[in-house]
Amino acid sequence: MAIDWYDEFVDLNHTPGPDELVALYYFEPAEGISREEAVGRVASESSTGTWTTLFTLPPRMRDLQAKAFEIEGNYVKIAYPLDLWEEGNAPQLLSGIAGNVFGMKALANLRLIDASLPAGYLRHFKGPHFGVEGIRDMMKVRGRPLTGAVPKPKVGFTAEEHAEVGYETWVGGFDFVKDDENLTSQSFNRFDDRVRAMAKMRDRAEQETGDVKSAFINITADTETMEKRAKMLADYGWNYAMIDVVVAGTAAVATLRDYCSDLGLAIHAHRAMHAAFDRDEKHGITMQFLAKMMRLIGVSQIHTGTAVGKLVGTRAEATLLADMLREKRTNAVDHMALDQDWGEIKSAFPVSSGGLHPGLVPDVLDIYGTELVLLVSGGIHGHPKGTRAGAEATMQAIEAWKEGETLEEKAKKAPELREALEKWGRYKPK
């Protein structure tokens with residue numbers, strides 16, 4: 001009598017239908033396990049299977065089995081019937097295609113690369129409330145990247161000191177001031193105090209510059225506290241809330257998406273802790289899939305790396321992430337992504353941050369173009385003349401790129417940029 005039935009979850013002649021969800025994995029079988037058995041175990045564990053044949057199995061259960069249908073080296077595609085997935089429940093999807101499968105002894109390594117979401121699945125999600133065009137309308141900025149900076153050091157300022165740095169950032173030409181991932185409501189800088197102090201300085205900066213100014217103020221906490229903090233942001237005239245979306249989790253982000261939308265708040269998604277899932281090239285979950293889930297749930301923007309700054313990530317990965325967030329339809333990239341038609345789901349901004357300064361601005365814009373949020377933090381606060389001059393230097397670097405000038409040419413008539421280049425040149429932090 002047969003004990004296991006993993007081979008029944010492999011069908012190399014299967015052609016996925018338009019209503020099936022398809023996942024792409026990288027896998028390495030454990031010693032003594034064939035490739036077919038390894039992928040059969042993944043398909044089994046993530047759908048209707050278990051470790052042994054069953055005494056009672058209604059025939060209709062066969063229609064719910066996942067099928068590993070394409071194996072190419074260490075890559076496999078698995079098709080999942082739509083009925084396996086609860087409508088509009090992102091956590092439940094992750095529990096399936098990114099759940100127990102990572103702990104199976106039959107696999108030495110397993111990495112969820114991407115999943116192609118069919119129209120029947122997408123229609124139960126709202127996606128971003130505003131979309132890229134809605135954010136540009138909100139901020140009244142066209143033709144250039146949106147810009148922002150984190151006061152540095154990232155923690156330690158009082159609320160008033162934080163707001164003073166924010167003011168200098170805004171009057172230097174930036175659109176946003178951003179909390180960093182580990183600033184929430186510590187004793188030295190309480191959330192409520194920061195919201196009030198920042199609103200006062202925002203109003204002053206708007207009056208002096210005539211431009212719309214905003215901030216990504218971090219509400220990350222338990223869900224009930226996040227709702228209270230979001231309400232306070234709206235009460236003080238803010239149009240954004242920031243959430244550390246990986247540590248908060250898909251369920252909390254989904255709840256806050258609707259709550260913030262009702263308040264007219266966009267969500268800035270910081271990806272803190274993402275590398276615990278995506279840095280290992282052989283195991284875990286890719287950043288592009290995490291970004292896809294966040295667009296599906298409905299954030300307005302999410303960090304995607306720079307490829308030239310201090311954080312890991314290649315140019316190809318940054319480009320792929322940007323396309324996955326911005327485009328209505330994306331095409332498959334071998335071993336990196338699957339086809340995805342987003343239907344009515346709106347676009348989201350990629351956010352480039354981490355170790356940037358004015359000398360690296362052209363490199364980032366060559367990768368992303370202008371449809372991004374560009375965060376330059378230490379690279380403005382470390383300017384020899386201070387934060388305001390650093391922001392001005394960054395805006396001058398953006399102008400140079402748009403005008404087709406080199407930074408050196410622009411610097412001849414832009415002293416702030418010249419001083420930035422004298423300090424950093426084209427240095428790439430490690």
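Leaving aside neighbours within four places in sequence, which residues is Thr-147 in contact with? In this predicted model, Thr-147 touches Gly-173, Phe-174, Asp-175, Phe-176, Leu-374, Met-395 and Ile-398. Thr-147 belongs to strand S5, residues 146-149. Its relative accessible area is 0%, so Thr-147 is buried.

**Other buried positions**

Leu-110 sits in strand S4, which spans residues 107-116. With 1% relative accessibility, Leu-110 counts as buried. Beyond residues up to four places away in sequence, Leu-110 touches Tyr-25, Tyr-26, Phe-27, Val-42, Val-101, Phe-102, Lys-282, His-283 and Gly-284. Phe-130 is 20 residues from Leu-110 along the chain, and their C-alpha atoms are separated by 35 Å.

Gly-390 is part of helix H15, residues 387-403. Gly-390 has a relative accessible area of 0% and is buried. Leu-233 lies 157 residues from Gly-390 in sequence; C-alpha to C-alpha, the two are 28 Å apart.

**Helices H2 and H11**

Helix H2 covers residues 90-97, and its buried residues are Ala-90, Leu-93, Leu-94, Gly-96 and Ile-97. Viewed down the axis of H2, these buried residues fall within an arc of 160°, so they line one face of the helix. They pack against strand S1 (21-29), strand S3 (75-80), S4, helix H3 (119-122), helix H9 (250-263) and helix H11 (287-297). At the start of H2, a side-chain oxygen of Asn-89 comes to within 3.0 Å of the backbone nitrogen of Gln-92.

What about H11? Of its 11 residues, 11 are buried, so H11 is largely enclosed by the rest of the structure. Gly-298 follows H11 and has a positive phi, near 130°.

**Salt bridges**

The structure holds 28 salt bridges. Three of them are set out here.

| Pair | N to O distance |
|---|---|
| Asp-179 and Arg-194 | 2.9 Å |
| Lys-231 and Asp-235 | 2.9 Å |
| Arg-418 and Glu-422 | 4.0 Å |

The side chains of Asp-179 and Arg-194 meet in a salt bridge. Asp-179 lies in the loop between strand S6 (176-178) and helix H6 (191-209), and Arg-194 lies in H6, so the pair ties together parts that are 15 residues apart in sequence. Asp-179 is buried at 1% relative accessible area. Arg-194 is buried at 0%.

Lys-231 and Asp-235 are 4 residues apart in helix H7 (residues 223-235), so about one helical turn separates them. Lys-231 is partly exposed at 36% relative accessibility. Asp-235 is exposed at 52%.

Arg-418 and Glu-422 both lie in helix H17 (residues 415-424), 4 residues or about one turn apart. Arg-418 is partly exposed at 35% relative accessibility. Glu-422 is exposed, with a relative accessible area of 60%. Elsewhere, salt bridges with shared partners join Lys-152, Lys-154, Lys-178, Asp-180 and Glu-181 into one network.

**A nonpolar surface patch**

Val-247, Met-273 and Phe-277 make a nonpolar surface patch of about 250 Å². Met-273 is placed in the loop between strand S9 (266-270) and helix H10 (275-278). Its relative accessibility is 43%, so Met-273 counts as partly exposed.

Methods
Residues are numbered from 1 along each chain as its sequence is written. This is a predicted model: local features need pLDDT of at least 70, side-chain atom pairs count only at pLDDT 80 or more; totals for chains, interfaces and linings use all residues. Side-chain values use heavy atoms; hydrogens and water are left out. Patches are made of residues with over 30% relative accessible area and no salt bridge: like charges are joined within 9 Å, nonpolar side chains (Val, Leu, Ile, Met, Phe, Trp, Tyr) within 5 Å. Accessible areas come from the Shrake-Rupley method with a 1.4 Å probe; for residues, only the protein chains shown count as cover. Helices (H or I, at least four residues) and strands (E, at least two) are DSSP runs, numbered from the N terminus. Buried means under 20% relative accessible area, exposed over 50%, partly exposed in between (1.4 Å probe, protein chains only). Contact means heavy atoms within 4.5 Å. The arc is that of the directions from the helix axis to the C-beta atoms. A polar contact is a pair of N or O atoms within 3.5 Å; within protein, one must be able to donate a hydrogen and the other to accept it, and residues adjacent in sequence count only if both atoms are side-chain atoms.
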